Amino acid sequence: MTTRTEPWPAGTPNWVDLATTDREAAFAFYSQVLDWTVRDTGEDFGHYGMAEVDGQPTAGIAAKQDHDPMPARWTTYLATDDADATAAAIKTHGGTVYAGPFDVGAEGRMALALDPTGAEFGIWQSGNHIGYRHVNEPGGVVWNQLATGDLVAAKDFYTSVFGFTYSDAGEMTTIDGDGPGGTVGGMGALEPGNPDASPAWMVIFSVADADATAQRATAAGGTVAHGPVDSDWGRMATICDPQGVQFGIIGASAP
């Protein structure tokens, strides 16, 4: 099992969480589909659900707040050593900070923001909570990818704020970093001709078997929006949970 024990380098995706319109249903769905154990962190933390694999945190599940202007969604957080300085840089370079920065007890300090192309993301400065510890193995996050309507503007923004550098991977731009294959995520253009597509960071989870996971998702009340299909990176599918929130899975390629 791949377990992270040190804080993630600044700019690296280090946490994901779900803001959902039905927290209890989400606890049940993702536990069944991704083999998570979801621990309720209690009233002090708004009954935030800490999703764990073998006792190690891998993602969070929270009830969407009434004042939250965004739809139900998965949010990708990027690591920062100084949330306040990063929030200021986001504003300087054309982004919008719509929540925070604020402390989450002794766990860390965070903010939620929009990049100049309209994609939401979070920033997380670690305290007791460094972000996900179970990663790159079944049940854990394996990839975070931005889909944007203006790739040039997005690349300029994330370079200015987080120091990103990039490599060309055909239809996708990868974000360089200390991850598998020398990358920590990707960026690409929005799906052409899809009027419903909007700028967003997609969260993709590793699974042992993409076909079996897609079948479990359907049985649990979700829908398979695309796939499973083989790709250069493995067998992939896009799934919508019962509240309509989209996420990706990737497993080993079919024989």
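Tutor: A residue counts as buried if its relative accessible area is under 20%, as exposed if that area is over 50%, and as partly exposed in between, using a 1.4 Å probe and protein chains only. Helices (H or I, at least four residues) and strands (E, at least two) are DSSP runs, numbered from the N terminus. Before we apply these terms, note that this is a predicted model, in which local features need pLDDT of at least 70 and side-chain atom pairs count only at pLDDT 80 or more, while totals for chains, interfaces and linings use all residues. Residues are numbered from 1 along each chain as its sequence is written, and side-chain values use heavy atoms, with hydrogens and water left out.

Student: How many of the residues of strand S1 are buried?

Tutor: In strand S1, which covers residues 13-20, eight of the eight residues are buried, so the strand is largely enclosed by the rest of the structure.

Student: Which strands does S1 pair with, and how do they run?

Tutor: Two strands pair if DSSP finds at least two bridges between them. S1 and S5 run antiparallel and are joined by six bridges, whereas S1 and strand S4 (residues 56-63) run parallel and are joined by four bridges.

Student: What is a nonpolar core, and which residues touch the most other members here?

Tutor: In soluble globular proteins, nonpolar side chains tend to be buried together. A nonpolar core is a set of buried Ala, Val, Leu, Ile, Met, Phe, Trp, Tyr and Cys residues joined through side-chain atoms within 4.5 Å. The largest core in this model has 38 residues, and those that touch the most other members are Val16, Tyr30, Trp36, Ile61, Trp74, Phe205 and Phe247. Helix H1 (residues 23-34) gives the most to this core, with six residues. A second, separate core has 22 residues, including Leu78, Ala83, Ala87 and Ile123.

Student: Which residues does Trp36 touch?

Tutor: Contact means heavy atoms within 4.5 Å. Leaving aside residues up to four places away in sequence, the residues that Trp36 touches include Tyr30, Ala51, Val53, Ile61, Trp74 and Phe205.

Student: Where does a charge sit over a ring?

Tutor: The rule asks that NZ of Lys or CZ of Arg be within 6 Å of the ring centre and within 35 degrees of the ring normal. The charged end of Arg4 sits over the ring of Trp8, 4.3 Å from its centre, and that of Lys155 sits over the ring of Tyr166, 5.2 Å from its centre.

Student: What is a salt bridge, and how many does the structure hold?

Tutor: Side chains of opposite charge can pair when their charged atoms come close. A salt bridge is a side-chain nitrogen of Lys or Arg within 4 Å of a carboxyl oxygen of Asp or Glu. The structure holds nine salt bridges. Arg73 meets Asp68 at 2.6 Å, N to O, and Glu120 at 2.8 Å, N to O. Arg73 lies in strand S5 (residues 73-79) and Glu120 in strand S8 (residues 120-126), 47 residues apart, and their pair links distant parts of the chain.
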